[in-house]
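The sequence and the structure come first.

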Amino acid sequence: MLPEVYRLSQQLITEVRKYDKKARILEGYRSIEKQNEYYEQGRTKPGKIITNAKGGQSFHNYRVAFDIYTTDYDKAGKIGKSLGLEWGGDWKTFKDLPHYDLKKGYKIKDFQQNKVDYSKYQ
């Protein structure tokens, strides 16, 4: 994860652990290959569909997203949003309760086209 995203992930987990001692970060950066593996699950490989993003289409691929485990995703989502993170539980078409990201106004195309000022993430 980029430095600011990492700090926010740690702040989130610290707050969530006040009511859920088992809370933890599951995954931050995800390679293009790993993203494609996740995308294939439930499509060309066994299992439930867990993402709609192919490799290069996920904010995880650009180090600005992470997933957590907790026993209360709604409560954690409120905390994450209070820290300025976007929560996947608010998404309309594909709810992703463990997911958080920090886009800073950028769209996925900005990351794909290398039009992101990464100094904003220090």
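Is Phe 59 buried or exposed? Phe 59 is buried, at a relative accessible area of 12%, where buried means under 20% relative accessible area, exposed over 50% and partly exposed in between (1.4 Å probe, protein chains only). This is a predicted model, in which local features need pLDDT of at least 70 and side-chain atom pairs count only at pLDDT 80 or more, while totals for chains, interfaces and linings use all residues. Residues are numbered from 1 along each chain as its sequence is written, and side-chain values use heavy atoms, with hydrogens and water left out.

Rings of Phe, Tyr and Trp (its six-membered ring) pair if their centres lie within 6.5 Å, and planes under 30 degrees apart count as stacked, over 60 as edge-to-face and the rest as tilted.

| Pair | Distance between centres | Angle between planes | Class |
|---|---|---|---|
| Phe 59 and Phe 111 | 5.6 Å | 85 degrees | edge-to-face |
| Phe 66 and Tyr 100 | 5.6 Å | 20 degrees | stacked |

Phe 66 and Tyr 100 are both buried, and Phe 111 is likewise buried, with a relative accessible area of 3%. One aromatic cluster is formed by Phe 59, Tyr 62, Tyr 106, Phe 111, Tyr 118 and Tyr 121.

A charge sits over a ring if NZ of Lys or CZ of Arg is within 6 Å of the ring centre and within 35 degrees of the ring normal. The charged end of Lys 104 lies over the ring of Tyr 121, 5.6 Å from its centre, and that of Lys 75 over the ring of Tyr 19, 4.2 Å from its centre.
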